[in-house]
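Here is a friendly look at charged side chains that pair up. Have the structure open while you read.

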Amino acid sequence: MKPFLQTLRGEALGTPPLWLMRQAGRYLPEYRALRQKAKGFVDFCFSPELAIEATLQPIRRYGFDAAILFADILLVPHALGQTVSFVEGEGPRFEPIRDAAGLKRLSQDKAANVLAPVMATVAGVAAALPPETALIGFAGAPWTVATYMVEGRGGTDHGEIRKLAWTQPEVFAGIVDHLVEATSAYLIAQVDAGAEALQIFDTWAGSVPAGLFETAVIRPTARIVAAVRAHRPDVPIIGFPRGAASHLAAYAKGTGVNGIGVDHMTDLVFAAASVPANVTLQGNLDPLLLLEGGAVMEAETRKILAAMDGRPFLFNLGHGVTPPTPPEHVAKLVDIVRGRI
Ligand code: 1CP
């Protein structure tokens, strides 16, 4: 079995498998060249030939244990009828949903059709990967995707969505229901096309008020996990509830995920003590250390490896690779984790 999948089954390997969140993307010169070939970012994601190439670029360069499908978490609201645009240098923009009338604009009708090109990407990558490399499919968790749908953009304090979730719970629940339905179908389709594991990104789980964590994070994620398992019981699922360390135990228990991505703000030993022993942990080098490189990166990487020795563990960052990261720092990190230096 592929080492990445063995680890997600709960086996502790001597050398932990390795992949990096945002391992494809702007820090790679070959990605920046490829990106020129499509006008908009959404077009890029929906062009299987380009997205297959973007997925494979970091595998060729570094030989990671897993490839992650090249797509974006914001394709799901786009497929529900809330058109996303990516403004150059500024990030994603939506016409925000703030009330019942806004909710009515969402529809499942075209979702599967709009997302169909992603399945062609998955199938193309699956056919091209080296035999030892696993393929991860992904989607955003409802809370994180909803932050963009309600705020209309990134970079806010999530005040609008917190207000909506507290004061118009039925509108919030309506958005979540749409996301649970579309995301479950989307992930099942990715598995059918060749994805061997799934990651659910909850990048903004840390902004959920404690009193809403169960309704906004745990239950919607659990519904997606259950829907995927009902159709494809064997596919391992990793959750990444970033910034939500105080809820890790409840998250692991309540969602039933096989693996948990740990952010760099959270101590891995604390995380290990918070979740059942058969839950695989993944993480958690600070992406800033990958940017900086040098002795601190090396020392922190070795600390993580030592702390997780003997436990089912996937080496990763605590969040994504940042665009200014020098590619040679990534090569060095791979050598350290592989035990070559
Ligand atoms: O022109 C470009 O190249 C746009 C930059 C870019 C890229 C490379 C965006 C826009 N998305 C992506 C790819 C992407 N996004 C991948 C596949 C690449 C890989 O991982 O190797 C994945 C898994 C994502 C997931 C994603 N998109 C997340 C969750 C993970 C995380 O980093 O927290 C989030 C929050 C997004 C939203 C998004 N998409 C793009 C941007 C710039 C953002 C962040 C917006 C913001 O909050 O400011």
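A salt bridge is a side-chain nitrogen of Lys or Arg within 4 Å of a carboxyl oxygen of Asp or Glu. By this rule, the count comes to 15 salt bridges. This is a predicted model, in which local features need pLDDT of at least 70, side-chain atom pairs count only at pLDDT 80 or more, and totals for chains, interfaces and linings use all residues. Residues are numbered from 1 along each chain as its sequence is written, and side-chain values use heavy atoms, with hydrogens and water left out.

| Pair | N to O distance |
|---|---|
| Arginine 60 and glutamate 53 | 2.9 Å |
| Arginine 105 and glutamate 95 | 3.8 Å |
| Glutamate 214 and arginine 219 | 3.9 Å |

The pair of arginine 105 and glutamate 95 links distant parts of the chain, ten residues apart. Arginine 105 sits in the loop between α6 (100–103) and α7 (111–128), and glutamate 95 in the loop between β3 (91–93) and α6. Helices (H or I, at least four residues) and strands (E, at least two) are DSSP runs, numbered from the N terminus.

Arginine 60 is exposed at 54%, while glutamate 53 is partly exposed at 25%. Glutamate 95 is exposed at 57%, and arginine 105 is partly exposed at 42%. Glutamate 214 is partly exposed at 40%, and arginine 219 is partly exposed at 47%.

Finally, salt bridges with shared partners join Arg98, Glu160 and Lys163 into one network.

Conventions: Buried means under 20% relative accessible area, exposed over 50%, partly exposed in between (1.4 Å probe, protein chains only).
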